[in-house]
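Student: I have a protein structure to read and I am new to this. Could you walk me through it?

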Amino acid sequence: MTTPCIICVAITGSVPTKADNPAVPTSVSEQIESTHEAFEAGAAIMHAHVRNDDETPSSDPEKFALLKEGIEKHCPGMIVQLSTGGRSGAGQTRGGMLPLKPDMASLSVGSNNFPTRVYENPPDLVAWLASEMKTYDIKPEIEAFDLSHIFRAAAMYDAGEIAQTPYVQFVMGVKNAMPVDRDVFDYYIHTVKRLFGDDAPWCAAGIGPNQIVLNEWAISSGGHARTGLEDNVRLDRNTLAPSNAALVKRTVALCEQYERPVATWQQARELLGLRQVA
């Protein structure tokens, strides 16, 4: 049986603004509405950042709480994944929302270059974030910007710092970080299977115009796919994406092309070892 493809929608991020695309949802109410549309289109996971009123990144736990409450009300069963990314805060403020006990949270286990700065993930902060996720029964999604990050996740898993088989997401196409390279992508898959087993689930995310490339590579290779306005605000060079749902629908079409069923939220929870909800 073909493994259903889990679609994750990264609805907002910390960088794109309405000046880049008016469809970018920045208020909590806009985020809930956009996520609901994406959920109905086929997304089983929502990856969330929150913003201040001026659209700058925020790590305010109260905003995350309102967003999580709204998603659970309007998208029952959808997997809520909150970001602990570094653009919205520093140090342990990045994990201030973890006591909310979302289903998942992103976990970057190593540092790397971003377009204009170093994305710092020092070992002590990574260990603390992982510990908080374990305390609150949150499954981390390992954001692998480099091959070393997959090996670091394996070391943390072996040490008991990560409770379940790591769910690794390959992030490719960030300027100054790992470019979109098929040989590297294939080796990432090989490495995940070698370290975690042939059945270990994995995902891929491509930035900007590379989003559709990584969607196709992941879907055709048996992995899971991330889409959404955080990573890419366009359908093509000349066309802004009208919504997160439009990008999800494009990913669903690729699943149909490669004869991969789209995972329901129930299937996604089972594949990732997450608690089921009524």
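Tutor: Gladly! Two strands pair if DSSP finds at least two bridges between them; strands (E, at least two residues) and helices (H or I, at least four) are DSSP runs, numbered from the N terminus. This is a predicted model, where local features need pLDDT of at least 70, side-chain atom pairs count only at pLDDT 80 or more, and totals for chains, interfaces and linings use all residues. Residues are numbered from 1 along each chain as its sequence is written, and side-chain values use heavy atoms, with hydrogens and water left out.

Student: How many bridges join strand β1 to strand β2?

Tutor: Three bridges link β1 (residues 7-10) with β2 (residues 45-48), and the two run parallel. A10, for example, has H47 of β2 as its bridge partner.

Student: Which strands make up the closed barrel?

Tutor: Eight strands, in the order β1-β2-β5-β6-β9-β10-β11-β12, with parallel pairing. From one strand to the next, the twist averages 25°.

Student: How do I describe two packed helices?

Tutor: Use the angle between their axes and the distance between the axes. Axes are lines fitted to C-alpha atoms, for helices over the stretch in contact (heavy atoms within 4.5 Å), and angles run from 0 to 180 degrees between N-to-C directions. Here the axes of α6 (residues 210-220) and α7 (residues 244-257) come within 10 Å and cross at roughly 35°. Residues making the contact include Q211 and I212 of α6 and L247 and R250 of α7.

Student: Which strands does helix α2 lie across?

Tutor: Helix α2 (residues 61-74) lies across β2 and β5 (79-82), running at about 165° to β2.
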